[in-house]
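Here is a brisk report on one protein model. Keep the sequence and the 3D view open as you read.

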Amino acid sequence: MQLSFLIAKALLEGDFASHFASIPSAVEDPEPVVLRQGKFERASRIEGEERGTVAVTVLVVREVDATAEADANACERWIRRFGWERHAENGSWRICGLDTTAPAFKERDSSGRFVWQFDVNLTVVRSI
């Protein structure tokens with residue numbers, strides 16, 4: 001299950017590139033956007049499908065704090081306003097609801113870059 005792939009596709013349409021599962025070294029990519037998908041938490045189950053939630057954490061890594069904050073806000077705004085109807089399915093998974101948290105400063109990484117993060121909380125249906 002890679003629902004984070006759907007978030008990555010949406011970010012690519014908004015010209016936010018460089019998606020990784022973990023923060024790469026500054027040599028590999030000095031300013032990446034990193035997606036980390038959490039586990040599926042089932043809320044209900046009926047014949048043929050189950051519904052639940054999955055959180056995808058978005059980390060925006062930049063050299064300058066103000067740029068990291070601005071880009072994290074722009075990414076979150078893009079995801080929140082994105083038209084999900086045409087991109088809501090990935091295999092047996094379908095996004096049926098989406099909410100985001102406000103971006104916040106997380107840390108400075110080992111390279112001294114600023115990391116801002118927000119969560120994309122997905123309500124999903126899985127065919128079984």
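## Two helices

H1 and H2 are roughly perpendicular to each other (the label covers 65 to 115 degrees; under 35 is roughly parallel, over 145 roughly antiparallel, the rest oblique). They pack at an angle of about 110 degrees, with their axes 10 Å apart. Axes are lines fitted to C-alpha atoms, for helices over the stretch in contact, and angles run from 0 to 180 degrees between N-to-C directions. Helices (H or I, at least four residues) and strands (E, at least two) are DSSP runs, numbered from the N terminus.

This is a predicted model: local features need pLDDT of at least 70, side-chain atom pairs count only at pLDDT 80 or more, and totals for chains, interfaces and linings use all residues. Residues are numbered from 1 along each chain as its sequence is written, and side-chain values use heavy atoms, without hydrogens or water.

From H1, Ile 7, Ala 10, Leu 11 and Glu 13 meet Cys 75, Trp 78 and Ile 79 of H2; contact means heavy atoms within 4.5 Å. The buried residues of H1 are Ser 4, Leu 6, Ile 7, Ala 8, Ala 10 and Leu 11. Buried means under 20% relative accessible area, exposed over 50%, partly exposed in between (1.4 Å probe, protein chains only).

Asp 15 sits in the loop between H1 and strand E1 (19-20). Its phi is near 65 degrees, a positive value in a residue other than glycine. Asp 15 is exposed, with a relative accessible area of 71%.

## The nonpolar core

In soluble globular proteins, nonpolar side chains tend to be buried together. A nonpolar core here is a set of buried Ala, Val, Leu, Ile, Met, Phe, Trp, Tyr and Cys residues joined through side-chain atoms within 4.5 Å. The largest one has 29 residues; Ile 7, Leu 11, Val 58, Trp 84, Val 120, Leu 122 and Val 124 touch the most other members. At least two residues each come from H1 (4-13), E2 (33-37), E4 (49-62), H2 (65-81), E6 (93-100) and E8 (114-127). E8 gives the largest share, six residues.

Take Val 58. Beyond its neighbours within four places in sequence, Val 58 contacts Ile 7, Val 33, Val 34, Leu 35, Trp 116, Gln 117, Phe 118 and Val 120.

## Aromatic rings

The whole structure holds five aromatic pairs. Rings of Phe, Tyr and Trp (its six-membered ring) pair if their centres lie within 6.5 Å; planes under 30 degrees apart count as stacked, over 60 as edge-to-face and the rest as tilted.

Trp 78 and Phe 82 form a tilted pair, with ring centres 5.9 Å apart and planes at 50 degrees. Phe 82 and Trp 84 are edge-to-face: centres 4.9 Å apart, planes at 70 degrees. Trp 78 is partly exposed, at 31% relative accessibility. Both Phe 82 and Trp 84 are buried.

## Two buried polar residues

Thr 100 lies in strand E6. It counts as buried because its relative accessibility is 12%. Its side chain makes a polar contact with the side chain of Glu 76 (2.5 Å). A polar contact is a pair of N or O atoms within 3.5 Å; within protein, one must be able to donate a hydrogen and the other to accept it, and residues adjacent in sequence count only if both atoms are side-chain atoms.

Asp 109 is in the loop between strand E7 (104-108) and E8. It too counts as buried, at 13% relative accessibility. The side chain of Asp 109 reaches the backbone nitrogen of Ser 111 at 3.0 Å.
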